[in-house]
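Biologist: I would like to learn how to read cavities in a protein model. Please take me through a case.

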Amino acid sequence: MAELTMIQAINLALHQEMEQDNSVIVLGEDVGVDGGVFRVTDGLIEKFGKERVMDTPLAESAICGVAIGMAVKGLRPVCEIQFSGFSYMCMHQVENHAVRLRGRSGGRFHVPMVLRAPYGGGVRALEHHSESKEAYYAHTPGLKMVIPSRPRNARALLVSAIRDPDPVIFYEPKAVYRAFREEVPDEEEAFPLGKSEVVQEGKDLTIISYGAMMRPTLEAAAKLQESDGVEAEVIDLLTISPLDDEAVNQSVQKTGRAVIVHEAHRSFGPGAEVVARLVEKSFLYLQAPIARVTGFDVTIPLFQRENDYLPNVHRILRAARKTLEFVA
Amino acid sequence: MPREEIDIPYRLDYLSILNEKGEVDEELEPEMEQELLIKLYRSMLLNRRFDERLLSLQRQGRIGTFAPIKGQEASQLGAVATLEESDWLFPSFREMAAENWRGKSLESVLLTYGGYNEGSVIPEGLNNLPVAIPVGTQILHAVGVAYAIKYRGEKNIAMVFFGDGGTSEGDFHEALNFAGVFQTPTIFVCQNNHWAISIPRSQQTHSKTLAQKALAYGIPGVQVDGNDILAVYVAVKEAVERARSGGGPSMIECVTYRMSMHTTADDPKRYRKDEELEEWSKRDPLDRLQKYLMAKGLLSEEEIDSLEEEVKKEIKETVAAYEEKQKELGDPLLMFDHVFEELPPHLKEQREELSRELAEKEEEEQNNG
Ligand SMILES: Cc1ncc(C[n+]2csc(CCOP(=O)(O)OP(=O)(O)O)c2C)c(N)n1
Ligand SMILES: [Mg+2]
């Protein structure tokens with residue numbers, strides 16, 4: 001057991017997976033000698049050499065397209081896209097090929113690749129370095145979209161993503177990267193994709209979130225307990241797609257009230273899908289309209305205004321109280 | 001059916017006019033007005049000192065991350081000095097000097113790096129596009145604008161800047177190809193500063209030069225000493241004149257050096273040797289122009305001192321104006337401006353929502369305080 005930051009935990013997952021499976025290849029911009037601009041791939045090139053840790057030319061479409069080829073030939077490429085804001089340049093390869101080769105070839109080929117990218121706001125960055133557009137990927141059939149929230153689950157989910165037989169987009173909350181440490185077991189650990197986690201049990205209300213927004217969500221849940229005596233159940237989705245609707249519905253069938261929190265834009269965001277699944281499967285259990293606390297439908301502003309764009313404890317509390325107070 | 005060499009109708013030149021010692025090749029030396037030379041020198045100096053000031057402001061936490069331009073002043077200014085005011089400029093994210101020459105204020109640079117969206121506002125009448133951070137993406141736009149210019153029968157040209165790293169993106173190749181096919185008046189200026197974050201030029205492409213890539217698309221290309229402002233000016237001017245007279249696009253590779261870090265979030269010690277920087281410091285473009293101007297008797301020690309004073313004052317005033325301007329930009333509701341020409345209903349609702357929340361917050365603060 002060691003106390004690791006999320007960066008170190010992801011680094012550990014990469015080290016261990018590369019050690020035990022020589023088909024795992026890391027590629028991306030500045031991932032070798034520099035160890036990645038966030039140091040997530042630190043030490044890999046020294047240990048595994050430049051054939052397995054590729055400092056690529058500056059070309060995201062190439063990184064993704066080449067990785068598809070590697071995956072078809074049995075390798076397990078783990079691509080780093082320096083910021084999720086530059087992952088759209090991979091989109092045509094993802095949409096046109098990564099997710100379709102299995103079906104198109106009748107199962108002859110499949111694409112076990114991972115595309116890692118730091119996402120999200122709150123780090124005082126330049127334009128294109130703060131976005132949260134997981135919905136683009138979650139909307140794509142054949143793709144898994146994973147977003148960890150803490151060092152331990154980041155490590156254990158990345159291991160599963162690398163071992164998964166299909167393409168996985170792995171968004172890392174950069175606001176959490178160095179924010180705190182957590183005990184991470186030395187021995188192998190893999191959490192299943194597609195499974196959420198009930199982080200806190202409660203009976204009055206369900207709050208659903210993921211990624212960097214888990215921190216304000218948990219803080220708000222603690223405040224609700226402390227000042228309102230409310231027991232909130234908190235769910236960390238961990239995988240955005242495929243969505244764990246069983247867990248979400250189970251919880252809301254118990255509490256009857258739900259709030260969804262994400263920093264992605266509201267319209268057509270992941271929250272909209274959660275609402276749909278709840279309405280479809282738990283309609284008669286709902287005791288109040290489901291609330292969404294999200295980023296607004298504007299491009300995330302530069303850092304002087306980004307804190308007013310991002311959901312915060314105050315906003316979550318307000319939405320939770322409104323939901324709790326609702327009487328039909 | 002022989003096997004024979006194909007005659008490709010292009011040659012690739014390397015151009016250098018003013019060397020590291022400030023010596024000039026008199027045959028190649030351009031005739032430039034004294035006024036223009038001094039204006040270029042002053043602009044190089046201003047941008048150098050402003051870059052240094054930005055670094056100290058960033059270190060003090062008064063602005064956020066930024067991309068220093070130190071060392072690239074000549075290859076930016078020598079290129080834009082050939083433009084007419086009504087021409088078009090497409091910067092990447094490291095062309096502060098080029099943008100400033102064309103009329104973008106240094107205050108707006110501070111606004112951007114200080115975290116205000118208003119920093120990228122382009123005043124009416126200025127044909128500069130805002131900074132493009134996604135590498136290589138802006139190159140295509142310069143082809144589109146140039147096409148529109150040609151379509152309208154106008155005489156302007158579009159000049160686009162990008163880095164050595166940018167030449168690896170598909171957009172770069174697609175842009176050159178389009179420009180070649182449609183013979184648009186586009187000038188492609190590559191700032192080969194030897195590094196794309198930690199990736200050296202030699203690992204970016206197996207080609208010997210970047211300029212030769214233009215030849216593959218049937219476009220003239222030339223490589224110049226990018227720290228030699230005379231060479232940059234001459235090579236770009238030739239390309240600009242060709243484009244303006246209907247001769248189509250060209251690419252100029254300016255061989256320069258990123259003397260500072262990639263951005264303030266970067267630590268170059270992890271991937272490059274100090275000796276390399278020392279070597280390049282000897283080729284500093286600012287020193288070189290200064291030597292040239294002094295040798296020609298166009299600039300004296302006293303004039304340099306007074307220019308230093310002048311730019312220092314300008315920078316001080318710029319920082320003060322920026323700090324004053326910040327007071328006007330405190331309203332978070334500004335994030336809803338410029339999403340669409342007209343705000344649709346759901347966005348009006350969201351704007352209301354934020355507005356109510358801000359009022360509540362203020363009330364709470366008043367109650368507490
Ligand atoms: C599409 C895209 N990918 C990655 C990045 C991150 N990034 C910013 S600058 C840079 C290197 C750019 O190198 P170069 O084109 O040589 O320009 P320079 O930074 O040297 O001015 C990278 C990888 C980005 N901004 N855009
Ligand atoms: Mg470069």
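Modeller: Start with two terms: domain bounds come from an automatic or database domain assignment, and a cavity, on a 1 Å grid over the protein atoms alone, is a set of points where a 1.4 Å probe fits but cannot get out, with lining residues having an atom within 4 Å of a point. This is a predicted model, in which local features need pLDDT of at least 70, side-chain atom pairs count only at pLDDT 80 or more, and totals for chains, interfaces and linings use all residues. Residues are numbered from 1 along each chain as its sequence is written, chains are lettered from A, and side-chain values use heavy atoms, without hydrogens and water.

Biologist: Why use a probe, and how many cavities of 30 Å³ or more are there?

Modeller: Rolling a probe the size of a water molecule over the atoms shows where empty space is left. Here the count is 2 cavities of 30 Å³ or more. A volume is the space filled by probe spheres set on the points, which are joined across faces, edges and corners.

Biologist: Where does the largest cavity lie?

Modeller: The largest cavity lies between domain 1 (2-184) and domain 2 (197-325) of chain A, because both give residues to its lining. Its volume is about 70 Å³. Of its 13 lining residues, A:L126, A:E127, A:S130, A:I300 and A:P301 lie nearest the centre.

Biologist: What volume has the second largest cavity, and which residues line it?

Modeller: The second largest cavity has about 40 Å³, and its lining residues include A:S130, A:H265 and A:Y309. Each of domain 1 (2-184) and domain 2 (197-325) of chain A supplies at least three residues to that lining.

Terms used: On a 1 Å grid over the protein atoms alone, a cavity is a set of points where a 1.4 Å probe fits but cannot get out, and a pocket is an open set with protein on both sides within 12 Å along at least five of seven lines; lining residues have an atom within 4 Å of a point.
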